[in-house]
Amino acid sequence: MTPASGVASAVSATPQPAHLVLYGRAWCHLCEDMHAALAPLAQAAGARLDVVDVDADPALVARYDELVPVLVCDGVELCHYRLDEARVRAALGLGA
């Protein structure tokens, strides 16, 4: 039946995959470590993962300079320096 006949049709909303942004530096070993640990989690959750070099943008250097690597999920900072796997798993909807 159609909405015009008084019965609303169910619309299945497909949730968007999480968007992860890893802010870091090309020469940063902590950034490389976090990326290596994060990549399989992002893949398992079907999340989009972007890696951003803070040194390419003075505003990002001002914001994240000594904190890198910094991981943000859908605009929420999850962790910096080291991967907080439990927090990332929770944000991505992955089990422990």
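At 4% relative accessibility, Tyr64 counts as buried (buried is under 20% relative accessible area, exposed over 50%, partly exposed in between, with a 1.4 Å probe and protein chains only). The model is a predicted one, in which local features need pLDDT of at least 70, side-chain atom pairs count only at pLDDT 80 or more, and totals for chains, interfaces and linings use all residues. Residues are numbered from 1 along each chain as its sequence is written, and side-chain values use heavy atoms, leaving out hydrogens and water.

Searching the whole structure turns up one aromatic pair. Tyr23 and Tyr64 make up this pair, stacked with 4.5 Å centre to centre and 25° between the planes; rings of Phe, Tyr and Trp (its six-membered ring) pair if their centres lie within 6.5 Å, with planes under 30 degrees apart called stacked, over 60 edge-to-face and the rest tilted. The partners sit 41 residues apart, Tyr23 in strand E1 (residues 19–24) and Tyr64 in helix H2 (residues 58–64). Helices (H or I, at least four residues) and strands (E, at least two) are DSSP runs numbered from the N terminus. Tyr23 is buried too, at 15%.

As for E1, this strand pairs with E2 (residues 48–53) in the parallel sense over six bridges, where pairing takes at least two DSSP bridges. Gly24 stands opposite Asp53 in E2. Together, E1, H1 and E2 form a right-handed β-α-β unit: with the strands pointing away from the viewer, the path from the first strand over the helix to the second runs clockwise.

Helix H1 (residues 29–45) holds Asp33, which is partly exposed at 45%.
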